[in-house]
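Colleague: Before we discuss the model, could you put it on the screen?

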Amino acid sequence: MPTSPYFPPYYEGYSGEQNLVQDLVDEQIKLFGSDIYYLPRTILKENTLDDVIYSKFESQFQVEMLLSNVEGFGEQSEFISKFGLRITDEVKFIVSARRWAESEAQYSPNLTVPGRPNEGDLLYFPLTQDIYEIKFVERESPFYQFGKIQFIIMTAEIYEIGNDKIDTGIEEIDEIETLFSSAIALNMKVGGTDDFIVGEVVTGSISNETAEVKSWDPTTRIIQVINRTGTFVEDESLTGDDSGAVWVVSTFSTIENTNSEYDQNKYIEDTANPLIDWGEVNPFGEYGNMGDSF
């Protein structure tokens, strides 16, 4: 038996109630929401195995969203793991489906999946001054109320900064990368020319690897770099793309993160070296006679 012709389904063009609910959703988000920066993700991959090298976030646009976590972050915002204390503050943002479509049409972001927010993209919340990474996008809750989706729910966690490039042009967002990205210090030899500029890219003459300058001290001849594409080598020269400065690398450590007061990679390695032979000949055995080490 067919459905009643006196109560037509909403997908046949009867959109009065749909538009009313959408207007109410938009009004609530505009009244009680926040202007959130949305950062689309650009993935750089190897050509061979299609592996992700790192991601870039070089554009942004604002759209109003409603924070649904009115009582704080989600469950297990901080917990102890085998790697130490982890902070995974979870938030849920609600964005109007209509306002998202309008913003996407206006700013034309390079989205992996057009038509909706994408997992892996970032959200900057000015209230907490934190960046959150979208982990899941729920597009059908509630399930076609009056035959249409009026809003989209995004579940996001605090962004764990790695070697991703963040260059949106918004100072308060871009400085997060400088403050928290993994950085290493390189000691340069005497006799270099000119000074490196903070933020410029330096290139190794032998390794051909690149990195971004976090800081440069001409007195101590120490340069700190972030966003390395690989590992530099000793005795190669680093050239600044913008400054034209050229200095030769003396020594450096790739496991000593100068942006963290808690990393102990260097200490653990220095302590373990006298006890364990990490070489290829005997990678799992003791260094010499274990009893003679004490």
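Modeller: Glu 102 forms a salt bridge with Arg 99, the closest N and O atoms being 3.0 Å apart, where a salt bridge is a side-chain nitrogen of Lys or Arg within 4 Å of a carboxyl oxygen of Asp or Glu. This is a predicted model, in which local features need pLDDT of at least 70 and side-chain atom pairs count only at pLDDT 80 or more, while totals for chains, interfaces and linings use all residues. Residues are numbered from 1 along each chain as its sequence is written, and side-chain values use heavy atoms, with hydrogens and water left out.

Colleague: In which helix do Glu 102 and Arg 99 both lie?

Modeller: Helices here are DSSP runs of H or I with at least four residues, strands are runs of E with at least two, and both are numbered from the N terminus. Glu 102 and Arg 99 are three residues apart, about one turn of the helix, and the element that holds both is helix 2 (residues 97–107).

Colleague: Does Arg 99 count as buried or exposed?

Modeller: Buried means under 20% relative accessible area, exposed over 50%, and partly exposed in between, with a 1.4 Å probe and protein chains only. Glu 102, at 40%, counts as partly exposed. Arg 99 has a relative accessibility of 17%, so this residue counts as buried.

Colleague: Which residues form an edge-to-face aromatic pair at 6.5 Å centre to centre?

Modeller: Rings of Phe, Tyr and Trp (its six-membered ring) pair if their centres lie within 6.5 Å, and planes under 30 degrees apart count as stacked, over 60 as edge-to-face and the rest as tilted. The structure holds 10 aromatic pairs. One of them has 65° between its planes, and its partners are Phe 93 and Tyr 132.

Colleague: How many residues apart in sequence are the parts that this pair ties together?

Modeller: Phe 93 is buried at a relative accessible area of 1%, and Tyr 132 is buried at 0%. Because Phe 93 lies in strand 7 (residues 90–96) and Tyr 132 in strand 9 (residues 130–138), the pair ties together parts whose separation in sequence is 39 residues.

Colleague: Which residue in strand 15 stands opposite Val 213?

Modeller: Two strands pair if DSSP finds at least two bridges between them. Strand 14 (residues 210–217) and strand 15 (residues 222–226) pair in the antiparallel sense over five bridges. In strand 15, the residue opposite Val 213 is Val 225.

Colleague: In what order do the six strands close into a barrel?

Modeller: The pairing in this barrel is antiparallel, and the strand order is 12-15-14-13-16-17.
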